[in-house]
Amino acid sequence: MSNVRVLLFGFRKMAEYVFSPMVKEMTGVREIEIAYSMHELEQVDSRTLVDIIAINAMSIGFNMSNQLQKIKMYFPEAFIICISPHRLSVFICWKFIKNGIDALIANIENGTEYKRAIAAIQIRRRYYPPALRQSFEDNDFTGDRGYRF
């Protein structure tokens, strides 16, 4: 896996130092390229294929569909991993999936589930958190709209 190209997008300051080792572990690479903003992402050399892009969920924000469409337009070949350091609602997870995220690393509460996520990413298989998988099985996307009062 030495020629795998991995790009870390949207992580700043301490988050970069926390999540870059995790992404290296998940993907099995030694070096990662980093883009902090959408402008820097546009400047990344696109002559060489990008295999994996790891995105900070917080950097995508409410303009999720436009941001992800731009990323997919620049790097259509990339397997996109979205990482959230914070708990996400099932509705927000569903929005990420609907907008093209291949793997969502969020709401993982035990080591076994984390190992499942790593195994899926290493073979470029889709991975979603347990609560989202349960919602798929229950077909339960009508009540939760991302807001809990």
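The backbone oxygen of Asp-45 lies 2.9 Å from a polar atom of the Arg-5 side chain, a polar contact in the sense of N or O atoms within 3.5 Å, one able to donate a hydrogen and the other to accept it, with residues adjacent in sequence counting only if both atoms are side-chain atoms. This is a predicted model, in which local features need pLDDT of at least 70 and side-chain atom pairs count only at pLDDT 80 or more, while totals for chains, interfaces and linings use all residues. Residues are numbered from 1 along each chain as its sequence is written, and side-chain values use heavy atoms, leaving out hydrogens and water.

Let's stay with Arg-5 for a moment. Arg-5 sits in the segment before β1, and is buried, with a relative accessible area of 11%; buried means under 20%, using a 1.4 Å probe and protein chains only. Leaving aside residues up to four places away in sequence, Arg-5 touches several residues, including Glu-33, Val-44, Thr-48 and Ile-52, where contact means heavy atoms within 4.5 Å.

Glu-33 leads us into the sheet. Leu-7 stands opposite Glu-33 in β2, and β1 (residues 6-9) pairs with β2 in the parallel sense over three bridges. Strands here are DSSP runs of E with at least two residues, helices runs of H or I with at least four, numbered from the N terminus; two strands pair if DSSP finds at least two bridges between them.

The whole open sheet has five strands in the order β2-β1-β3-β4-β5, with parallel pairing. Because β2 (33-35) and β5 (103-105) stand at the edges with a single partner strand each, one side of each is left without a neighbour in the sheet. Neighbouring strands are turned by 20° against each other on average, direction ignored. Helix α4 (residues 64-74) packs on this sheet, touching β1, β3 (52-56) and β4 (79-83), and its direction makes about 160° with that of β3. Such angles run from 0 to 180 degrees between N-to-C directions, with axes fitted to C-alpha atoms, for helices over the stretch in contact.

Now follow the chain to helix α6 (residues 111-122). Asn-110 caps its N-terminal end, placing a side-chain oxygen 3.2 Å from the backbone nitrogen of Thr-112. Which residues of α6 are buried? They are Glu-113, Ala-117, Ile-118, Ala-120 and Ile-121. Seen down the axis of α6, these buried residues fall within an arc of 165°, so they line one face of the helix; the arc is taken from the directions from the helix axis to the C-beta atoms. The buried residues of α6 pack against α1 (14-27), β4, β5 and α7 (130-138). Just after α6, Arg-124 takes a positive phi of about 55°.

Methods: Buried means under 20% relative accessible area, exposed over 50%, partly exposed in between (1.4 Å probe, protein chains only).
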